[in-house]
Amino acid sequence: MSSFPADDPKLLADEPLVWDLLPAEQQPHWRDHKAYARTRRSLLRAAPLVHHSEVTELRTSLAAVASGKARLLHAGDCAESFSEQTPEHLAGKLSALDSLGDFLSARCGQDVVRVGRIAGQFAKPRSTPTEHHAGVELPSFRGHMVNSEEPSPEARRHDPRRMLLAYEAAARVFDHFRRLRQQRAAAGSHRASLGPWASHEALIVDYEGPLVRTCPDGAEYLASTHLPWIGERTRQLELAHVEMLATVQNPVACKIGPTARPEDVVGLCERLDPERSPGRLTLILRFGRAHVAQAMPEIVDAVRNAGHPVVWMTDPMHGNTILTSGGIKTRHLSAIAEEATEFLRILERRGLHAGGVHLETAATDVTECLGANIRDEKYLASRYQTLCDPRLNAEQAHELIETLFRP
Ligand code: PEP
Ligand code: MN
């Protein structure tokens, strides 16, 4: 596991931030790179990517989801690519998100807030620090913010200058989003509050920390995205990620996997949502179909009894990843549907609102998961393009929504 200890402050440019002094899992090794200090200063001086009023607006929309008046669709790439940043790519991704959002809205009869895994989803936690390519051991690919997927030692070196490329790529997406929401608002459409909004895993502390900015009322917000989330591997209470997201005013989310104990989750809720404010905290449950029925009820009951009005969201993908006999990472639509169906059933039995669905989806016709129009493993190779985990294509995603929600 790559992690840095409470670091030597001499390596940090300018004043260390609170969370710089806390340990963090899954961080790049680049603080001795000659461009590190310069890059950090650039990020500290960079314009905020999102405005604090946008963060407040999304928080209000998510409060409506928490109270049962709307739903949330959170979807997009597992890992965004620097080479897919053209206006055409962006338009394709936004239209895929909107059309799935419209479909979900028609199926469940409620407004759907649309949040993309976009404009910053450039960093990946990995289960092993190295991987093998053609018999050679290399550092694992950690997302374009950190290194390249090319299998060579040079390309896999962690390079802090990539944080600036990620920032610039994200800035172009946010410009586009803003224009779109302004057009929708000018047309008098309430669609403006439904999005599109952006979200990514706030993983790289060296990127997120310098982008924490101050609101006019003196509170702090994370200006790198609207909705940051904490992943399953970095949700330890005493470490940097939870501290960082506890500090900011954005709506925040946290992934919860099968090893989480109810008391761990209640502790997280207390840290991230001490005021019990609807819209502040979304819990993204990703147990796997084998564990959901056993693990989910006691967590839901514990959170409810502690009085946290969270948005309950299912991520039925990350607990259902398998390897084919040929070694290809994939997921079965049937396993995904089974976990999500159980999630809906558990909430319904308790009279709680199933706030949302979190999916890994592609805007193009990829062949990465099995089911619907991909009937056999032999088709996976034809358009398997993901940089990390396998995504649903549009037909698979629509079929899933159709199975889950019946008007
Ligand atoms: C992801 O969402 O791509 C991811 C890594 O998820 P998790 O933290 O749930 O494993
Ligand atoms: Mn993933």
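A polar contact here is a pair of N or O atoms within 3.5 Å, one able to donate a hydrogen and the other to accept it when both belong to protein. By this cut-off the side chains of E360 and R331 are in polar contact, at 2.8 Å. All views show a predicted model.

**Figure 1. The closed barrel has 8 strands.** The strand order is β3-β4-β7-β10-β11-β12-β13-β16, and the pairing is parallel. On average, neighbouring strands of this sheet are turned by 25 degrees against each other, direction ignored. Helix α7 (residues 262-272) packs on the sheet, where it touches β10 (227-230), β11 (252-256) and β12 (281-285). The direction of α7 makes about 170 degrees with that of β11.

**Figure 2. Strands β3 and β4 pair in the parallel sense.** Strand β3 covers residues 70-76 and strand β4 covers residues 111-117, with 7 bridges between them. G76 stands opposite R117 of β4.

**Figure 3. The largest nonpolar core has 58 residues.** The members that touch the most other members are I256, L272, L283, M296, W312 and L392. Helix α9 (residues 333-349) gives the most to this core, contributing 8 residues. Leaving out residues up to four places away in sequence, I256 touches E232, R235, V265, L268, L283, I284, L285, R286, F287 and I299. Another core, of 33 residues, lies apart from the largest one and includes V55, L90, A198 and A219.

**Figure 4. Twelve residues are listed by name around ligand 1.** They are C78, R117, K124, P125, W229, G231, E232, R233, K255, R286, H318 and E360. A polar side-chain atom of K124 lies 2.7 Å from an oxygen atom of ligand 1. For R233, an N or O atom of the side chain is 3.0 Å from a ligand 1 oxygen. A polar side-chain atom of E360 lies 3.1 Å from an oxygen atom of ligand 1.

**Figure 5. E360 is placed in strand β16 (residues 356-360).** E360 counts as buried because its relative accessibility is 0%, and the limit for buried is under 20%. The E360 side chain makes polar contacts with the side chains of R117, at 3.0 Å, and of R331, at 2.8 Å. Apart from neighbours within four places in sequence, E360 is in contact with G76, C78, R117, M317, H318, R331, D389, P390, R391 and L392. Among these, R117 also stands opposite G76, and L392 belongs to the largest nonpolar core.

How values were computed
Residues numbered from 1 in each chain as written. Chains lettered and ligands numbered in written order. Predicted model: local features only at pLDDT ≥ 70, side-chain atom pairs only at ≥ 80, totals over all residues. Heavy atoms only, no water. Pairing = 2+ DSSP bridges. Helix = DSSP H or I, 4+ residues; strand = E, 2+ residues; numbered from the N terminus. Axes fitted to C-alpha atoms, helices over the stretch in contact; angles between N-to-C directions. Contact = heavy atoms within 4.5 Å. Core = buried A, V, L, I, M, F, W, Y, C linked by side-chain atoms within 4.5 Å. Buried < 20%, exposed > 50% of the residue type's maximum accessible area, 1.4 Å probe, protein only. Near = heavy atom within 4 Å.
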